[in-house]
Amino acid sequence: HFLIEPMVAHKQEEEFYICLHSLRYYDEILFYHEGGVDVGDVDAKAERVQIPTGVEPTASMVTEKLLSKVPAGKQANLASFVLSLYKF
């Protein structure tokens, strides 16, 4: 699946990076609070959470494991987006 949205003017520090991939026994979500074209070495920088097969992630799991460096006012909406993207 691909998500394509229109360009919205914004600052670099307002971008996030997310990667979802599936492995044999779990899915993994990588998240970095400074996304964009110049994200760099994601493996070294990103927060990550492994979700075992058959386990449903929760907003608190996403917030605690991935969003600690995101401003508190954005965490709830971002957690909802991550969960929706994962379920997609």
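Helices here are DSSP runs of H or I with at least four residues, strands are runs of E with at least two, and both are numbered from the N terminus. This is a predicted model, so to speak of a local feature takes a pLDDT of at least 70, side-chain atom pairs count only at pLDDT 80 or more, and totals for chains, interfaces and linings use all residues. Residues are numbered from 1 along each chain as its sequence is written, and side-chain values use heavy atoms, with hydrogens and water left out.

**View 1. H33 sits in the loop between β2 (26-32) and α1 (42-45).** H33 has a relative accessible area of 19% and counts as buried (buried is under 20% relative accessible area, exposed is over 50%, and partly exposed is in between, using a 1.4 Å probe and protein chains only). Setting aside residues up to four places away in sequence, H33 touches E13, E15, F16, K69 and V70. A contact here means heavy atoms within 4.5 Å.

**View 2. The whole protein, with its three helices and three strands.** Along the principal axes, the C-alpha atoms fill a box of roughly 40 × 25 × 25 Å. Of the 88 residues, 26% are buried. Take the contacts with a separation of 6 or more, and 35% of them are between residues 24 or more positions apart.

**View 3. I29 in strand β2.** I29 is buried, and its relative accessible area is 0%. Apart from neighbours within four places in sequence, I29 is in contact with I18, C19, L20, E47, R48, V49, I51, L66, V82 and Y86. For a sense of scale, I29 and A72 are 43 residues apart in sequence and 20 Å apart in space, C-alpha to C-alpha.

**View 4. Helix α2 (residues 59-66) packs with helix α3 (residues 72-87).** Two packed helices are described by the angle between their axes and the distance between the axes. Here the angle is about 110 degrees and the axes are 9 Å apart. Axes are lines fitted to C-alpha atoms, for helices over the stretch in contact, and angles run from 0 to 180 degrees between N-to-C directions. The two helices are therefore roughly perpendicular to each other (65 to 115 degrees; under 35 is roughly parallel, over 145 roughly antiparallel, and the rest oblique). The crossing of α2 and α3 is right-handed, a label for a near helix turned clockwise from the far one by less than a right angle, with anticlockwise being left-handed. On the α2 side the contact is made by A59, V62, T63 and L66, and on the α3 side by Q75, A79, V82 and L83. By class that gives six nonpolar, two polar and no charged residues (nonpolar: Ala, Val, Leu, Ile, Met, Phe, Trp, Tyr, Cys and Pro; charged: Asp, Glu, Lys and Arg; polar: the others, Gly among them).

**View 5. Q75 in helix α3.** Q75 is buried at a relative accessible area of 17%. Not counting residues up to four places away in sequence, Q75 touches T63, L67, S68 and V70.

**View 6. T58 in the loop between β3 (47-52) and α2.** T58 is partly exposed, at 37% relative accessibility.
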